[in-house]
Amino acid sequence: MPDTKQIPQPTVSVVIPVFNCEAYIGEAVESVLAQTYPSVDIIVIDDGSNDGSAKVLAGFGDSITYHFQENRGLGAARNSGLDMAQGEYIAFIDSDDRWLPDKIELQMSYMLEHSETDIIFTHIRQFFSPDIASSLRRKLQVPVAELPGLFATTCLATSECFRRAGQFATDLRVGEFIDWYTRALDSGLKSHLMDDVLAERRIHNDNMGIRVKDSR
């Protein structure tokens, strides 16, 4: 009689850095908890928040691993998550973004069928947060069409990638992911961009790209 037991799926460790994002972090975590992929480990790195982020995250109890550290920047927060991650695969989501429910399932299906792929991205759609100031919304030129999401929120990679390309730079206020991805390609790692729209990027009053635009 054939063995009908389900084959265990590789674990995906999801790293969520957060700094003063109490308004949106709950939605980000909920979108990860809603994933149809069965083996997801959620690690939230609180990079010194002094708002209500910790209280929001406490409401998720044992469904997440929560770690607080003094504020050291986004690169350092991502690295702390990498140090804690036990999964064979690593994914990231920024604390103000959202995933569609089948993001990890579809990415892992592709990865397991294409062993030559080390890093995989998806397309995204951007949306204005309901609480964005009308004056800021009028100023911003935000494409509403589907876009290639070559950034952290759509990225899924093998854990081996971070041994080969190293971790994230901690001396950059912005662009730490672009820096890492460039080093990953230089080290010979192979990436793929899926056509599917599997993540949503929130545009709001305090996006990092707006807050620290002088550091671009």
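Is Arg78 buried or exposed, and what is its relative accessible area? In this predicted model, Arg78 is buried, with a relative accessible area of 2%.

**Salt bridges of Arg78**
- Arg78 and Asp94 meet through their side chains in a salt bridge, at 3.3 Å from N to O.
- Because Asp94 lies in the loop between strand 4 and strand 5 and Arg78 in helix 3 (residues 74-84), this pair ties together parts that are 16 residues apart in sequence.
- Arg78 also forms a salt bridge with Glu176, at 3.0 Å from N to O.
- The pair of Glu176, in helix 7 (residues 176-186), and Arg78, in helix 3, links distant parts of the chain, 98 residues apart.
- Glu176 and Arg78 are both buried.

**Salt-bridge network**
- A network of salt bridges links Glu27, Arg98, Arg125, Glu200 and Arg202.
- Between Arg202 and Glu27, the closest N and O atoms are 3.0 Å apart.
- Arg202 belongs to strand 9 and Glu27 to helix 1, 175 residues apart.
- Arg202 is buried at 2% relative accessible area, whereas Glu27 is partly exposed at 31%.

**Helix 4**
- Lys103, Ile104, Gln107, Met108, Tyr110 and Met111 are the buried residues of helix 4 (residues 103-113).
- They cover an arc of only 160° around the axis, so they lie on the same side of helix 4.
- Their packing partners include strand 1, strand 6 (119-128) and strand 9 (191-203).

**Gln35**
- Gln35 sits in the loop between helix 1 (25-33) and strand 2 (40-47) and counts as buried at 8% relative accessibility.
- A polar atom of the Gln35 side chain lies 2.9 Å from the backbone oxygen of Leu100.

Key. Residues are numbered from 1 along each chain as its sequence is written. This is a predicted model: local features need pLDDT of at least 70, side-chain atom pairs count only at pLDDT 80 or more; totals for chains, interfaces and linings use all residues. Side-chain values use heavy atoms; hydrogens and water are left out. Helices (H or I, at least four residues) and strands (E, at least two) are DSSP runs, numbered from the N terminus. Buried means under 20% relative accessible area, exposed over 50%, partly exposed in between (1.4 Å probe, protein chains only). A polar contact is a pair of N or O atoms within 3.5 Å; within protein, one must be able to donate a hydrogen and the other to accept it, and residues adjacent in sequence count only if both atoms are side-chain atoms. The arc is that of the directions from the helix axis to the C-beta atoms. Contact means heavy atoms within 4.5 Å. A salt bridge is a side-chain nitrogen of Lys or Arg within 4 Å of a carboxyl oxygen of Asp or Glu.
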